[in-house]
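Hi,

Here is the structure I promised to pass on to you. Have a look at it first, and then read my notes below.

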Amino acid sequence: MSDRLSLSARHAPRRRPCCVQVTSRNMSADVVGQTYREQPAGSPCVKAIIFHTNDGPLCADPKAQWVKDLAANMTKV
């Protein structure tokens, strides 16, 4: 299974795709940029922090300590 973004595009075309699963594995070395986005839970989407990587978006577990530490030094968009 990939740690990259697992998206659901079953929403209206105007809505962003969402994370349907997250990783708790420390992927901080792959994160680029200084911004992140919070995604609330709402079926089929799960609560997630979305970081940018060179390979695309990364859905991370907001409860993971590495995610909290990284987000604390970034700007929420």
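**Disulfides**

With -80 degrees about the S-S bond, the link between Cys19 and Cys59 is left-handed. This link is a disulfide (a pair of cysteine sulfur atoms within 2.5 Å), and the sulfur atoms of Cys19 and Cys59 are 2.0 Å apart. In general, a disulfide is a covalent bond between the sulfur atoms of two cysteines. The pair links distant parts of the chain, 40 residues apart: Cys19 is in strand E2, and Cys59 is in strand E5 (residues 56–60). The names of helices (H or I, at least four residues) and strands (E, at least two) stand for DSSP runs, numbered from the N terminus.

Before you go further, please keep in mind that this is a predicted model, where local features need pLDDT of at least 70 and side-chain atom pairs count only at pLDDT 80 or more, while totals for chains, interfaces and linings use all residues. Residues are numbered from 1 along each chain as its sequence is written, and side-chain values use heavy atoms, with hydrogens and water left out.

Are Cys19 and Cys59 buried or exposed? Buried means under 20% relative accessible area, exposed means over 50%, and partly exposed is in between (1.4 Å probe, protein chains only). Cys19 has a relative accessible area of 0%, so Cys19 is buried. Cys59 is at 2% relative accessibility and therefore counts as buried.

How many disulfides does a search of the whole structure find? The search finds 2. In the other one, Cys18 is bonded to Cys45, with their sulfur atoms 2.0 Å apart. The torsion about the S-S bond of Cys18 and Cys45 is about -85 degrees, so this disulfide is left-handed. This pair also links distant parts of the chain, 27 residues apart: Cys18 lies in strand E2 (residues 18–21), and Cys45 lies in the loop between strand E3 (31–39) and strand E4 (48–53). Cys18 and Cys45 are both buried. If you count the bonded cysteines along the chain, the disulfides follow the pattern 1-3, 2-4.

**The sheet**

Next, try to trace the strands. There are 4 of them in an open sheet, in the order E5-E4-E3-E6, and the pairing is mixed. Two strands pair if DSSP finds at least two bridges between them. The edge strands are E5 and E6, each of which pairs on one side only. As background, strands of a sheet pair through backbone hydrogen bonds, either parallel or antiparallel.

E3 and E4 run antiparallel and are joined by 6 bridges. Here you can find Tyr36 opposite Phe51 in E4, and Gln39 with Ala48 of E4 as its bridge partner. E3 and E6, in turn, run parallel and are joined by 2 bridges. Thr35 has Thr75 in E6 as its bridge partner.

**The salt bridge**

The structure holds 1 salt bridge, which is a side-chain nitrogen of Lys or Arg within 4 Å of a carboxyl oxygen of Asp or Glu. Which residues form the salt bridge? They are Glu38 and Lys76, with their closest N and O atoms 3.4 Å apart. This pair links distant parts of the chain, 38 residues apart, with Glu38 in strand E3 and Lys76 in strand E6 (residues 75–76). Glu38 is at 41% relative accessibility, so Glu38 counts as partly exposed. Lys76 counts as partly exposed because its relative accessibility is 49%.

**The helix**

Now turn to helix H1 (residues 65–72), where Trp66, Val67, Leu70 and Ala71 are buried. Seen down the axis of H1, these buried residues fall within an arc of 125 degrees, so they line one face of the helix. The arc is that of the directions from the helix axis to the C-beta atoms.

What do the buried residues of H1 pack against? They pack against E3, E4 and E5, where contact means heavy atoms within 4.5 Å. H1 lies across E3, E4 and E5, running at about 65 degrees to E4. Axes are lines fitted to C-alpha atoms, for helices over the stretch in contact, and angles run from 0 to 180 degrees between N-to-C directions.

Leaving aside residues up to four places away in sequence, Ala71 touches Tyr36 and Phe51. The C-alpha atoms of Ala71 and Tyr36 are separated by 7.0 Å, and these residues are 35 apart along the chain.

Best wishes, and enjoy exploring!
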